[in-house]
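Q: Could you take me through the cavities in this predicted model? I'd like a close look at what lines them.

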Amino acid sequence: MTILDGKKTSNEIKEEIANHVSSMVSKGERVPHLAAILVGSDGASMTYVNAKVKACKLVGFNSTLIELPEYTSEEDLLEKINELNTNDDIDGFIVQLPLPEQIDEQKVLMAVNPDKDVDGFHPVNVGRMALDLPTFLPATPYGIMELLERYQIETSGKNVVVMGRSHIVGRPMSILMSQKRKAGDATVTVVHSRSKNLSEITREADIIVAAIGISEFLTGDMVKEDVVIIDVGITRVPDATKKNGYRLAGDVDFESVSKKASYITPVPGGVGPMTIAMLLKNTLLARERHSN
């Protein structure tokens, strides 16, 4: 069994990006600039955004963090988004989800300029992805594809089961894995919480992408020998043996599934670091497009 080390791979990608940025600096070119909008003080969101800002600094990007209070109105947020849309110094930006209940997330995502949508969530970019046209790929699916490719995992003709149908992971993942690309060309089945005979379907899978949002849902009896496992989930599970009273768990029961898997991502240290690395890669692409 081989661990798909997202932390190590993401560091390699960041080093590649940093070298590219150094080359830009030596030519006197402006370095990429990523902005992030954080509304409220949700602990997990603050952690994610701070990690993104830290990653920008590491590779030599400029970054701007815009922190807005929890009570921010939808109108005020849309105004701030418009400012970033029209700021030529900003190459790409993200609006950290989830947003407070008074704000319509869909309206916010629609307001982002598709050319600066480095999260890859705007319908224009989703449509371009579905048509296999050049675009910003959603960072988490993009990171998974990169991980499969760099570990040279054969996907062509394989049975891939994507567990979960979210617009952020499940749906784009199913599209990308079925397309004619290096980490693709697969036969893809999407399952979710309402799927019948779910275990029968997962036991036929050569590759499983678990993004169903239920802690340790996928167990060893639900998979076949030599399966490749990509665990997207991350949940705090109470654990009295830990100093902080919890441990981090994915959507996969690592203990039982790892005994059968040929490759598996850990939680943490698997998909998470790759997501941030691919956000940086999208920002670099946005900068290159901007200069053209």
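A: Let's start with the term itself: a cavity here is a set of grid points where a 1.4 Å probe fits but cannot get out, and its lining residues have an atom within 4 Å of a point. With that in hand, a search of the whole predicted structure turns up two cavities of 30 Å³ or more.

Take the second largest cavity, with a volume of about 30 Å³. Its lining is made up of L34, A36, K52, V53, C56, S63 and T64. Three elements, β2 (33–39), α2 (43–59) and β3 (62–68), each put in at least two of the lining residues. Of these, α2 gives the most, with three residues. Sort that lining by class and you get four nonpolar, two polar and one charged residue.

Now for the largest cavity, which has a volume of about 50 Å³. Around it sit F93, I94, V95, L109, V112, D117, D119, F121 and H122. Here the top contributor is a strand: β4 (residues 92–95) supplies three residues to the lining. By class, this lining has six nonpolar, one polar and two charged residues.

Notes:
Residues are numbered from 1 along each chain as its sequence is written. This is a predicted model: local features need pLDDT of at least 70, side-chain atom pairs count only at pLDDT 80 or more; totals for chains, interfaces and linings use all residues. Side-chain values use heavy atoms; hydrogens and water are left out. On a 1 Å grid over the protein atoms alone, a cavity is a set of points where a 1.4 Å probe fits but cannot get out, and a pocket is an open set with protein on both sides within 12 Å along at least five of seven lines; lining residues have an atom within 4 Å of a point. Grid points are joined across faces, edges and corners, and a volume is the space filled by probe spheres set on the points. Helices (H or I, at least four residues) and strands (E, at least two) are DSSP runs, numbered from the N terminus. Ala, Val, Leu, Ile, Met, Phe, Trp, Tyr, Cys and Pro count as nonpolar, Asp, Glu, Lys and Arg as charged, and the others, Gly among them, as polar.
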